Amino acid sequence: MIVSDSFGRPWRTGIVDVAIGVSGLRPLEDWRGRRDANGYELRSTVVAVADEIASAAELVRRKTAGVPAAVVRGLDVAGEGTAQELLMPPERDMFR
């Protein structure tokens, strides 16, 4: 389950939904060490899976339609984790 809310982003226009609560899934998928299509090693790619799901769900729920939930199927993201993992550590946060 993901609880989400709309979120503005620095250096970007518009809002997206992001995960503010997560249960029963891994919120991040670490791709560091994998190879891209050209064979280059990925060194910093960590995918915010929970945020991507939240944004995709918002596209079908529509902001003002009054639809409180969406079911997303076909993803292999089961696991454990919390939305806390999605927050930037203070030592890497450019806005604190």
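Mentor: Start with accessibility. Exposed means over 50% relative accessible area, and buried means under 20%. Keep in mind that this is a predicted model.

Trainee: Why is Trp 11 called exposed?

Mentor: Its relative accessible area is 68%. The cut-off is over 50%. Therefore Trp 11 counts as exposed.

Trainee: Where does Trp 11 sit?

Mentor: In the loop between strand S1 (2-8) and strand S2 (15-22).

Trainee: What is the phi of Trp 11?

Mentor: About 65°, a positive value, although Trp 11 is not a glycine. Most residues other than glycine have a negative phi.

Trainee: What makes Arg 62 exposed?

Mentor: Arg 62 has 52% relative accessibility.

Trainee: How many aromatic pairs does the structure hold?

Mentor: The structure holds 1 aromatic pair. Trp 11 and Phe 95 form the pair, with ring centres 5.2 Å apart. The limit is within 6.5 Å.

Trainee: Why is the pair of Trp 11 and Phe 95 called tilted?

Mentor: The ring planes of Trp 11 and Phe 95 stand at 50°. Stacked needs under 30 degrees and edge-to-face needs over 60.

Trainee: What parts of the chain does the pair link?

Mentor: Distant ones: Trp 11 is in the loop between S1 and S2, and Phe 95 is in the segment after H1, 84 residues apart. Both residues are exposed.

Trainee: How do you know that the charged end of Arg 34 sits over the ring of Trp 31?

Mentor: The charged end of Arg 34 is 4.5 Å from the centre of the Trp 31 ring. The distance limit is within 6 Å, and there is an angle limit of within 35 degrees of the ring normal. Arg 34 is listed as sitting over the ring.

Trainee: What do the buried residues of H1 pack against?

Mentor: S1, S2, strand S3 (29-30) and strand S4 (46-47). Among those buried residues are Val 49, Ile 53 and Ala 57.

Definitions and conventions
Residues are numbered from 1 along each chain as its sequence is written. This is a predicted model: local features need pLDDT of at least 70, side-chain atom pairs count only at pLDDT 80 or more; totals for chains, interfaces and linings use all residues. Side-chain values use heavy atoms; hydrogens and water are left out. Helices (H or I, at least four residues) and strands (E, at least two) are DSSP runs, numbered from the N terminus. Buried means under 20% relative accessible area, exposed over 50%, partly exposed in between (1.4 Å probe, protein chains only). Rings of Phe, Tyr and Trp (its six-membered ring) pair if their centres lie within 6.5 Å; planes under 30 degrees apart count as stacked, over 60 as edge-to-face and the rest as tilted. Contact means heavy atoms within 4.5 Å.
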